Amino acid sequence: MGKPVIGIINTWSEINPCHYHLRERAEFVKRGVWQAGGFPVEIPAMPITEIYMRPSPMLYRNLLAMEVEELLRCMPIDGAVLMGGCDKTTPGLLMGAISMNIPAVYFPAGPMLRGNWNGKFLGSGTDVRKIFTERCAGNVSDEEWLGVEDGIARSPGFCMTMGTASTMTALAEAMGMTLPGASSIPAADSNHPRMAISCGNRIVDMVWEDLKPQDILTREAFENAITVDMAIAGSTNAIIHLVALAGRCGIKLDLELFDQISHKVPVLANIRPSGAYLMEDFFYAGGLRALMSQISDLLHLKAKTVNGHTLGENLAGVGIINKDVIRPRENALAATGGTVILRGSLAPDGAVIKISAATPRLLQHTGPALVFKDYNDLEARINDPNLPVTEDSVLVLQSAGPLGGPGMPEWGMLPIPKKLLDQGVRDMLRISDARMSGTAYGTCVLHASPESHIGGPLALVQDGDKISIDAAGRKLDLLVSDAEMAARRANWKKPAASYGRGYGALYLERVTQANLGCDFDFLGEHMVTAEPEIH
Ligand code: FES
């Protein structure tokens with residue numbers, strides 16, 4: 001009847017507390033669509049939930065992306081509002097929308113309220129990990145631990161530290177795929193349903209304007225996202241997701257680009273795990289637009305956004321409200337970005353470390369490797385009182401990459417051995433081909449590529465080998481001779497594949513390595529799929 005049909009792609013489900021309110025919010029989106037003269041239809045999509053999915057929610061990001069693309073293609077939909085927020089849902093929804101390339105606006109689920117326990121604010125992941133470490137050291141009682149559990153998740157919404165969810169929704173805004181300010185609104189704030197109505201309103205006009213994701217997601221938009229990622233000391237996972245998102249637009253992002261931008265951008269978000277506050281404070285302090293206003297000289301201000309205005313226009317007149325939560329440039333939390341890229345004989349295709357959440361002393365370090373061949377091996381031995389480990393050891397975890405995990409689980413923050421916890425040690429150099437939760441912290445080198453499962457150098461490390469890191473020099477080396485490495489490689493046997501059938505088998509066959517974004521090789525290209533014939 002001449003009205004644009006708007007698909008509200010909703011990753012709500014009862015098993016994902018981060019999205020628990022999205023069923024209700026969809027009704028607000030619908031109001032906005034009706035008001036603007038469109039016709040809304042709500043369509044459920046795969047509810048990737050970070051805390052319950054095994055072996056890893058990352059295994060399913062590409063499945064969500066494929067589902068979204070095909071839903072938007074096979075249904076009679078003119079434009080889409082994408083509803084998500086829990087870690088993998090933001091990249092999954094956006095990857096699908098980019099490939100289908102019809103008008104789309106992203107509506108972030110919003111962070112939870114601050115956690116609260118014993119008069120202290122608690123941050124998702126970050127504080128629970130710290131308190132759990134103390135519990136392992138015998139310093140926290142059962143009763144106290146139950147209090148932490150009761151106080152950590154006080155409302156719907158996603159993790160309220162600067163974890164992957166807060167990072168990716170912030171980057172969606174920095175790239176221009178949300179309405180201005182949308183990423184910072186807490187899920188429980190009344191601004192949140194108002195933003196849902198605005199998204200419904202706006203998408204109808206976007207259909208008439210034919211404003212599509214690939215019109216917005218230019219190289220400049222991705223550089224804006226990387227710049228903001230550094231200023232918020234965002235999750236290391238963002239690197240993988242941005243590479244994959246850009247790949248869907250036919251844009252190649254080299255890991256070195258992250259490093260180059262990192263050199264120029266100060267950390268301004270004083271948010272855990274790198275800082276002191278939480279996302280609720282970030283919102284009250286002015287939110288992402290206030291942060292971006294401080295680095296406007298480092299951003300491409302002419303980049304287009306979904307509201308039809310440029311990023312620069314959307315930042316006009318915005319300022320910081322609380323200058324401790326969002327730091328002005330002259331009082332930055334750190335002079336340069338939080339994430340750096342390492343290369344060397346242990347990771348020829350790159351590895352990542354979040355230096356803003358690491359121990360400075362360990363960023364220039366050489367120590368003997370202590371190798372765990374997989375997570376089961378780690379669990380079985382890490383608390384053995386006879387483990388041959390000192391605080392100078394380098395913990396190495398193998399078989400945790402895209403194929404090895406499988407799905408590159410967030411195992412990269414290896415636990416500190418109990419023997420060392422009892423001595424007061426709280427951080428060590430840890431290296432793996434795994435990812436790490438954005439809420440985690442510590443001197444953890446992640447995403448070592450190529451991964452051990454396909455015979456990367458990580459697969460050949462043995463106990464006692466010397467490993468050297470020089471974060472300032474961007475180096476990560478295994479100090480073993482070429483001849484010895486060749487001998488080890490000749491004896492190396494590829495581990496068995498985890499899946500022989502189904503989606504898992506497709507994933508193992510077609511997923512790319514971390515430095516290439518872990519997208520499927522048949523989806524990452526800028527290719528056009530023909531529209532289905534209508535009969
Ligand atoms: Fe959903 Fe952390 S569990 S964002």
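Colleague: Which residue takes a positive phi just after helix 9?

Modeller: That is Ala233, with a phi of about 50°. Keep in mind that this is a predicted model.

Colleague: What about helix 9, how far apart are its end C-alpha atoms?

Modeller: They are 19 Å apart. Helix 9 covers residues 219-231, and at 1.5 Å a residue its 13 residues should span 18 Å, so the two values agree.

Colleague: Is helix 9 mostly covered or mostly uncovered?

Modeller: Mostly covered, since 11 of its 13 residues are buried. Among them are Phe222, Glu223, Ile226, Asp229 and Met230.

Colleague: Which residues touch the most other members of the largest nonpolar core?

Modeller: Ile9, Leu82, Phe222, Leu242, Leu253 and Leu291 do, in a core of 122 residues. Another core lies apart from that one and has 26 residues, including Leu363 and Val480.

Colleague: What is Leu291 in contact with?

Modeller: Leaving aside neighbours within four places in sequence, Leu291 is in contact with Ala231, Ile232, Leu268, Ala269, Phe282 and Ile326. Ala231 is also one of the buried residues of helix 9.

Colleague: Changing topic. How many salt bridges does the structure hold?

Modeller: It holds 34. As a general point, side chains of opposite charge can pair when their charged atoms come close.

Colleague: Which side chain does Arg23 meet in a salt bridge?

Modeller: The side chain of Glu42, at 2.5 Å from N to O. This pair links distant parts of the chain, with Arg23 in helix 1 and Glu42 in strand 2, 19 residues apart.

Colleague: Are Arg23 and Glu42 buried or partly exposed?

Modeller: Arg23 has a relative accessible area of 31%, so it is partly exposed. Glu42 is partly exposed as well, at 25%.

Colleague: And Glu69, which side chain does that one meet?

Modeller: Glu69 meets Arg248 in a salt bridge of 3.9 Å, N to O. Here too the pair links distant parts of the chain: Glu69 is in helix 2 and Arg248 in helix 10, 179 residues apart. Glu69 and Arg248 are both buried.

Colleague: Where is Arg430 found?

Modeller: In strand 11, which runs over residues 429-432. Its relative accessibility is 3%, so Arg430 counts as buried.

Colleague: What does the side chain of Arg430 meet in a salt bridge?

Modeller: The side chain of Asp427, at 2.5 Å from N to O. Asp427 is buried too. A polar atom of the Arg430 side chain also lies 3.1 Å from the backbone oxygen of Met428.

Colleague: Which residues does Arg430 touch, not counting those up to four places away in sequence?

Modeller: Leu395, Gly412, Met413, Leu414, Ile416, Tyr441, Gly442, Thr443, Cys444 and Val445.

Colleague: Is Cys444 buried or exposed?

Modeller: Cys444 counts as buried, at 1% relative accessibility. Cys86 counts as buried too, at 2%.

Conventions:
Residues numbered from 1 in each chain as written. Predicted model: local features only at pLDDT ≥ 70, side-chain atom pairs only at ≥ 80, totals over all residues. Heavy atoms only, no water. Helix = DSSP H or I, 4+ residues; strand = E, 2+ residues; numbered from the N terminus. Expected span 1.5 Å × (residues − 1). Buried < 20%, exposed > 50% of the residue type's maximum accessible area, 1.4 Å probe, protein only. Salt bridge = Lys/Arg side-chain N within 4 Å of Asp/Glu carboxyl O. Polar contact = N/O pair within 3.5 Å; in protein donor to acceptor, adjacent residues only side chain to side chain. Contact = heavy atoms within 4.5 Å. Core = buried A, V, L, I, M, F, W, Y, C linked by side-chain atoms within 4.5 Å.
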